[in-house]
Structures are given as structure tokens and as C-alpha cells.
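Here is a short note for a colleague opening this entry for the first time. Please read the points with the structure in view.

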Amino acid sequence: MTDLVLIAVYALGAGAVVGGAGLLVLRRLGGRSIAVHVGVLLVVTVAAVVAGVVTVAQAMFLSAHDLQVVVLTVLAAAVVSLALGITFGRRLAAAAMWSAQAREQERRLEAGRRELVAWVSHDLRTPLAGLRAMAEALEDGVVADPVAVADYHRRIRVETDRMTHLVDDLFELSRINAGALRLALARVPLGDVVSEAIAATAPLAAHRRIRLVAAESGWPVVLGSEPELGRVVTNLLVNSVRYTPPDGTVRIEAGHDDRDAWLAVTDTCGGIPEADLPRVFDVAFRGERARSPAPAGTAGGGLGLAIVRGLVEAHGGRVGVGNTGDGCRFVVRLPARP
């Protein structure tokens with residue numbers, strides 16, 4: 001019985017020394033990843049077992065050959081245990097990180113959905129109230145002057161067009177977020193897409209006295225879906241025109257480098273505060289505090305840039321924005337092989 005107690009004391013002492021050293025190491029690794037902590041914990045646990053077995057084997061006064069057999073056996077078991085433990089420990093750590101990221105992403109999406117619902121409710125309630133008031137005025141004969149009646153009809157049409165555009169944007173954004181967007185990829189001359197987008201944006205630019213300037217050459221051919229790329233370019237141009245003060249300039253150019261084709265839209269909006277740059281592509285972010293607000297009738301719905309990001313990412317690309325002197329520059333990058 002005394003021998004068993006002595007063996008237990010030897011094993012416990014060796015394990016305690018290794019465990020104490022491992023505790024100090026874990027405290028120094030406080031800022032490292034979960035995988036590192038799991039690996040160190042496995043190493044300390046196996047090392048404590050090995051230390052206890054070797055200490056007890058030496059205390060038993062085994063022959064040199066028997067001691068070597070014990071040590072080799074324990075080391076072989078330790079190697080196998082560490083290999084399996086570290087492999088599955090890394091998987092568990094990765095799964096824990098993915099789970100945490102998934103929860104964080106779900107919280108962001110839920111917050112975005114709530115913000116979108118609140119924002120849409122506000123943006124739809126105002127024009128609907130105006131449409132109802134004008135319709136009731138026409139129905140009750142409150143407005144009888146032909147000029148006033150024509151003005152009411154025009155305003156009803158304008159508000160209806162605005163709501164239709166808002167609903168279209170919501171539908172497009174829902175397709176993107178639901179993963180229901182299907183791209184018909186083909187070789188698309190980016191210059192043709194830009195020409196059509198400029199033609200669609202020209203009336204708004206003329207109304208705002210904004211010059212649209214396009215580069216004369218350097219337009220690459222990209223692999224993408226022409227309707228979606230056209231919407232990307234149009235949304236970027238419309239956004240820049242809306243927030244650029246009168247008599248400003250919006251310039252669009254493109255090119256390619258070793259890996260990507262790129263398209264850039266540069267305006268003279270006055271710039272965006274650095275704190276707002278990460279939020280520019282968020283749903284319903286309009287940034288009136290940072291940029292000159294558009295006049296009545298030309299304000300956007302706050303979904304254009306969110307749609308741009310979704311469509312670009314659907315092509316396997318990325319979009320960013322930065323300040324450049326007296327304005328800002330939006331850059332779309334599309335991979336050579338999406």
C-alpha cells in the first residue's frame with residue numbers, strides 16, 4: 001500500500017509541474033486564437049501523462065531496457081494522441097468561430113431587416129398620404145382650375161413613378177439577399193454598357209447642370225451579365241449626379257490590370273466623412289449630413305448603392321469608395337474569370 005501511495009505522489013508531482021508550466025504558457029497566450037489554446041492544452045495534458053509515467057518508471061528501478069520500452073510506448077501513444085487531438089481540436093475551434101460569426105452575421109441581418117422595414121414604412125407612408133390627399137381633392141371638386149388639376153395629375157404621376165422605382169429596387173435587393181439572382185454570363189464590352197448608362201442618366205444630369213465626362217478609350221471587355229452590369233453603372237452615375245452640386249462634374253473611366261478589370265466613377269460631391277465611408281453601401285444610408293442633399297423630386301431611395309454592392313459581389317467582384325480632393329471615387333473591380 002505504501003508503494004502505491006508513493007507512486008501516486010510521484011505521478012501527481014510530475015503532472016503538477018508540467019501543468020503549472022502549461023498554465024503559465026496559457027496565461028501568456030491570452031490574445032491568441034482558440035486553436036492555439038486548444039493545441040497548447042492538449043500538449044500540456046499529454047506531457048503531464050508522459051511525465052508521470054516516466055517518473056514512476058524511473059522510481060521503480062526498472063532495467064535500462066525495460067525503461068526504454070516504457071518510454072517509447074508512452075511517447076508513441078503521446079504522438080498519436082496529440083495528432084488526433086490537434087486535428088479535431090482545430091476543427092472544433094473553427095466550428096466555434098464559424099458559429100460565432102454566423103450568430104454575429106444573423107444579428108446584423110436582423111438589425112438590417114428591422115431598419116429596412118422601418119425605413120420603407122416611412123418612405124412609403126409620406127407619398128401615399130400625399131397621393132390620397134390629392135386624389136380626394138380631385139374627387140371632391142376642391143380643385144377645379146384646369147391648371148391646378150393638371151398640376152395635381154403631374155404630381156400624382158411623379159409620386160407614382162417614385163414609388164414604382166422604390167418597389168423595383170426592393171424587389172431587386174430581395175433577389176440579391178435571397179440568393180435568387182441568376183446571372184447569364186457573356187463577354188460584355190464595358191464601353192457599350194457605359195454609353196447606355198450615360199444616355200439614361202443624361203436627363204437628370206442636364207436638370208442638375210452636371211457634366212458627364214467619359215474616357216475616350218481603355219474600356220475592357222468583361223465576363224458578366226449585361227443587364228446587371230448596366231444597372232451597376234447607372235446606379236453609380238445617378239448617385240454621383242444626385243449628390244454633386246450644380247455645375248459639377250462626374251467622370252467615368254475604366255481599365256484593367258494583371259488580375260481585374262476596373263471601372264471608376266469620380267464626382268465633385270465635396271467628399272464623405274471618413275466615419276461614414278464604411279456605411280455608404282448599407283441599405284437606406286443616404287448620407288445627407290456628409291453630402292449636399294438633392295432637391296425635391298430627385299432624392300434617391302437609399303437602395304442604389306446597396307444594389308450595386310450586391311450585383312458586383314454576385315459577379316465575384318468588389319466595390320469601394322474613397323475621397324479624392326473635392327469629391328469621392330467609386331471603384332468597381334471585376335475578376336477576369338468570375
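**Notes on the predicted model**

1. Val319 has Val332 of β7 as its bridge partner. Keep in mind that this is a predicted model. Strand β6 covers residues 318-324, and it pairs with β7 in the antiparallel sense. Seven bridges join the two strands.

2. Look next at the turn of this hairpin. Two residues lie between the strands β6 and β7. In that hairpin Gly325 takes a positive phi, near 65°.

3. How many cavities of 30 Å³ or more does the count give? The count comes to one cavity. The largest cavity holds about 80 Å³ of space.

4. Which elements each supply at least two residues of the lining of the largest cavity? They are α6 (226-243), β5 (260-266) and β7 (327-335). Val332, the bridge partner of Val319, is one of the lining residues. Leu334 is on the list too. Others among them are Leu229, Val232 and Val233, along with Ala261, Trp262 and Leu263. Leu190, Val222 and Val312 also line the cavity.

5. Now turn to two loops. Arg209 sits in the loop between α5 (190-208) and β2 (211-214). Its phi is near 60°. That is a positive value in a residue other than glycine. Asp247 lies in the loop between α6 and β4 (249-256). Phi of Asp247 is near 70°, again a positive value in a residue other than glycine.

6. These two residues meet. Asp247 and Arg209 form a salt bridge, and their closest N and O atoms are 3.2 Å apart. The structure holds 14 salt bridges.

7. Finish on the surface. Which residues form a nonpolar patch there? They are Val80, Leu84 and Phe88. Together they have about 300 Å² of accessible area. Val80 belongs to helix α3, which runs over residues 64-140.

How values were computed:
Residues numbered from 1 in each chain as written. Predicted model: local features only at pLDDT ≥ 70, side-chain atom pairs only at ≥ 80, totals over all residues. Heavy atoms only, no water. 1 Å grid on protein atoms, 1.4 Å probe; cavity = no way out; pocket = protein on both sides within 12 Å on 5 of 7 lines; lining within 4 Å. Points joined across faces, edges and corners; volume = space filled by probe spheres on them. Helix = DSSP H or I, 4+ residues; strand = E, 2+ residues; numbered from the N terminus. Patch = residues over 30% accessible without salt bridge, like charges linked within 9 Å, V, L, I, M, F, W, Y side chains within 5 Å. Areas by Shrake-Rupley, 256 points an atom, 1.4 Å probe, with all protein chains shown as cover. Salt bridge = Lys/Arg side-chain N within 4 Å of Asp/Glu carboxyl O. Pairing = 2+ DSSP bridges.
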